[in-house]
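Here is a short briefing on one protein chain. Please look over the overall build before turning to the local details.

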Amino acid sequence: MSRAVLSAGSNIGDPTAHLRSVVEAFADDLVAVSAVYSTPPWGGVEQEDFRNITLVVDGPHDARGWLERGFDLERAAERTREIRWGPRTLDVDVVTVSESGQVVVSGDPDLTLPHPRAAQRAFVLVPWLEIEPDATLWTPDGTRAVSDLVAGLDAAERDAVRPVGRLTGVES
């Protein structure tokens, strides 16, 4: 058994449908799902704003299992990886995983955990804080409260992450 925090985003096609597919796929393991947030793109590539959600899941998967399930959903949404940080139908990232109460720390290039840039990304942290106000994230500088990480972000970046609604029919 493990507990994972996942971040999902979409800005091509029907973002709401893509995000709903993630929630439905993880329904049996779902602990909580955030509201849908409108977020500016990260990385400097000109594109539409994203719709993002954060999920907390708990189930019989290891870290690689959560990653593979995310990849399956990306493939089903016909995600292509042509431009780094470019537009996408669906992106599902594993932010952090705990197994037997211990945070999984991995430097594997295919699955670096916790996600190496999660502590810097308002589109991950703000929705996560909504559903887990006491959440913490292991960083190379030590474990940090997600609320402190959010407070430390640039105010303009943090304020640009805006809730735009909930996925109807989804319980969190």
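Helices (H or I, at least four residues) and strands (E, at least two) are DSSP runs, numbered from the N terminus. On that basis, the secondary structure of this protein chain comes to 5 helices and 11 strands. Its radius of gyration is 15 Å, close to the 16 Å that the globule rule gives for 172 residues, so the chain is as compact as a globular protein of that length. The model is predicted.

**Overall build**

- The C-alpha atoms fill a box of roughly 40 × 35 × 35 Å, taken along the principal axes.
- Of the 172 residues in the chain, 46% are buried.
- Take the contacts with a separation of 6 or more: 68% of them come from residues 24 or more positions apart.

**Surface and charge**

- The accessible surface of the chain is about 8600 Å².
- Carbon and sulfur atoms hold 48% of that surface.
- The chain carries 16 positive and 28 negative side chains.
- The centres of these two sets lie 3 Å apart.

**Strands 9 and 10**

- Strand 9 covers residues 136–139, and strand 10 covers residues 142–145.
- The two strands run antiparallel and are joined by 4 bridges.
- Side chains alternate along strand 9.
- Leu137 and Thr139 point to one face and are buried.
- Across the pairing, Trp138 stands opposite Thr143 of strand 10.

**Backbone at Leu113 and Pro114**

- The peptide bond that joins Leu113 and Pro114 is cis.
- Omega for this bond is about -20°.
- Pro114 lies in a loop, with strand 8 (111–113) on one side and helix 3 (122–131) on the other.

- Ser100 belongs to the loop between strand 5 (91–99) and strand 6 (102–103).
- Is Ser100 buried or exposed? Its relative accessible area is 73%, and the cut-off for exposed is over 50%, so Ser100 counts as exposed.

Notes
Residues are numbered from 1 along each chain as its sequence is written. This is a predicted model: local features need pLDDT of at least 70, side-chain atom pairs count only at pLDDT 80 or more; totals for chains, interfaces and linings use all residues. Side-chain values use heavy atoms; hydrogens and water are left out. Buried means under 20% relative accessible area, exposed over 50%, partly exposed in between (1.4 Å probe, protein chains only). Two strands pair if DSSP finds at least two bridges between them. The radius of gyration is taken over C-alpha atoms; the globule rule is 2.2 Å times the number of residues to the power 0.38. Contact means heavy atoms within 4.5 Å. Accessible areas come from the Shrake-Rupley method with a 1.4 Å probe; for residues, only the protein chains shown count as cover. Lys and Arg count as positive and Asp and Glu as negative; His and the chain ends are not counted. The place of a charge is taken as NZ of Lys, CZ of Arg, CG of Asp or CD of Glu.
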